[in-house]
Amino acid sequence: MKCKYLLIMALLVMSSAFAQNPAVVKTSSTVAVARPKLVIGIVVDQMRWDYLYRFANRYSQGGFRRLTGQGFSCENTLINYTPTITACGHSCVYTGSVPAIHGIVGNTWYDTALNRKMYCAEDSTVSGVGSNNKAGKMSPRNLLVTTIGDELRLANKESKVIGVALKDRGAIMPAGHMAQAAYWYDPGAGKWISSTYYMNELPAWVNQFNDQKYPEQYLKQPWTTLYPLESYTLSTEDDKPYEGRFPNTVNSSFPHTFKTPLANIASTPYGNTMTLEFAKQALVNYQLGKGKVTDLLTVSLSATDYVGHQFGPNSIEAEDTYLRLDKDLGDFFNYLDATLGKGNYLLFLTADHGVAHVPGFLAENNIPAGSWSDKDLSVKINSLVQAAFGIKDVVVSTDNYQFWLNHAAIQQAGKNEKEVIDFITASLKRMPPIADALNLHELGSEALLEPMRTMVINGYNKKRGGDIQLIPQPGWVNGGITGTTHGIWNPYDAHIPLVFMGWGIHPGHTNRLVGMTDIAPTIAALLHVQMPSGNIGKVVEEITK
């Protein structure tokens, strides 16, 4: 009897241990690894970390405040490469890798073999599905490594992976190589589309969604502020000369009226609303989170980027976009609760990059700033090199704050390549917008402070990168006199939000340094699958403690 009693007690202890350990679940005959029904990754395009808190007193309880209250926030998450650009960021989040390894070195780059610009997702071997123009000729083939979705599918092909975004690169790169589908918006056709890489025809539900003509519905009325205009005290005045304007308008002030809603929807907060509505339909029609294995849905919210570029981060338009996004996220979270059950899904929210202040805004506040054009700089450099070395058009392309040189012309002129590059970098350093210019072939010997040094190295891919790296002065942007951009090492471009919420996550925060590359291995650890093939990140262990 004593032995029988001890056996029963031991079984009770083991049962209790299984119940307390989220990594295991005891079934009738086996012990299975516990996983969430669904992982949802949300990338808010161009969202700086401070947006989590800047408008917090105006956020609802269900959106950003729910994230920071119920989730675990990594407050000091930084991008660890440059350029901080959309395609790079979306690739990094889901691969745990950097451009030096995953190969997506920008939205575009100069292909020396083809002697032309290459778009990150372009693929001439596929055709558009739902669109007959080049907007559909896209795939993830230029991405050189696996994503967390690929690893999920390699572990169990019953898992489903779907990518959704207005931008093709925001849908394709996160979804990876093995996804069932990626969908993006074609402003020319006014439809959500895909490519033959994933399917031969659009599912009926996508056609039905397109038939609803959401852009026309959302923009049949002017874009006005959610709250009284005078209440937007955290932003600048409504009409500023350094803010961009919509076509055929005389100023940049509210209300914004649109004659071409198909093209303009992405530049309004309703672009995010439409994206989340499409994501809901993807959840339903692919039955995500309803099977026996974990599924993955990647969502990129692109409208924040378009609005930010045009008006800047201190505009009323930007504030209104985030206030509306907050409500849309709250609605989306409630939808997930209702369809999957609160606690049955794992969600993270982050950004692909931040954004610089508009130079005109900084000038108003006596902060050094300005705008410059890399194309203008390349014209000046070509003129100087021709005068000094007799080489015509030595700079063949500029992109991602890099210069690509005409190596054949340098060789034909009988000149020493290093001597020419040294001349160019020295000339660039004397130009007001440029803080430094680096020979990318000799990064090991360049005198460069951290974190710039590591960021430049991580961003340089030897087969796709250029020859010279430009480091602009802080506050200077590559652009015109209105709007702003991103892409540099500075914190305004590299400091991003990262919040985990839901299955297995304990509320809290950490101020230790976390990298964008740490997101994918953390998800891999929670799902107990292999980390992506190019991963260099580390697991954020605090989120489950």
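**Figure 1. An open, four-stranded antiparallel sheet ordered β14-β15-β17-β16.** In this predicted model, local features need pLDDT of at least 70 and side-chain atom pairs count only at pLDDT 80 or more, while totals for chains, interfaces and linings use all residues. Residues are numbered from 1 along each chain as its sequence is written, and side-chain values use heavy atoms, with hydrogens and water left out. Strands (E, at least two residues) and helices (H or I, at least four) are DSSP runs numbered from the N terminus; two strands pair if DSSP finds at least two bridges between them. β14 (395-399) and β16 (434-439) are the edge strands, each pairing on one side only. On average, neighbouring strands of this sheet are turned by 20 degrees against each other, direction ignored. Axes are lines fitted to C-alpha atoms, for helices over the stretch in contact, and angles run from 0 to 180 degrees between N-to-C directions.

**Figure 2. Pairing of β14 with β15.** The two strands run antiparallel and are joined by four bridges, β15 covering residues 402-405. S397 has W404 in β15 as its bridge partner.

**Figure 3. Helix α15 across the sheet strands.** Residues 374-389 form α15, which lies across β14, β15, β16 and β17 (468-472). The helix runs at about 160 degrees to β14. Contact here means heavy atoms within 4.5 Å.

**Figure 4. The salt bridge between D50 and R48.** A salt bridge is a side-chain nitrogen of Lys or Arg within 4 Å of a carboxyl oxygen of Asp or Glu, and the structure holds 17 of them. In this pair the closest N and O atoms are 2.9 Å apart. R48 is buried at a relative accessible area of 7%, whereas D50 is partly exposed at 22%. Buried means under 20% relative accessible area, exposed over 50%, and partly exposed in between (1.4 Å probe, protein chains only).

**Figure 5. The salt bridge between E237 and K240.** Their side chains meet at 3.1 Å, N to O. E237 is exposed, with a relative accessible area of 51%; K240 is buried, with 13%.

**Figure 6. The salt bridge between K280 and D331.** The closest N and O atoms of the pair are 2.3 Å apart. This pair links distant parts of the chain, 51 residues apart: K280 sits in helix α11 (residues 270-285) and D331 in helix α13 (residues 316-340). K280 is buried, with a relative accessible area of 8%, and D331 is partly exposed at 39%.
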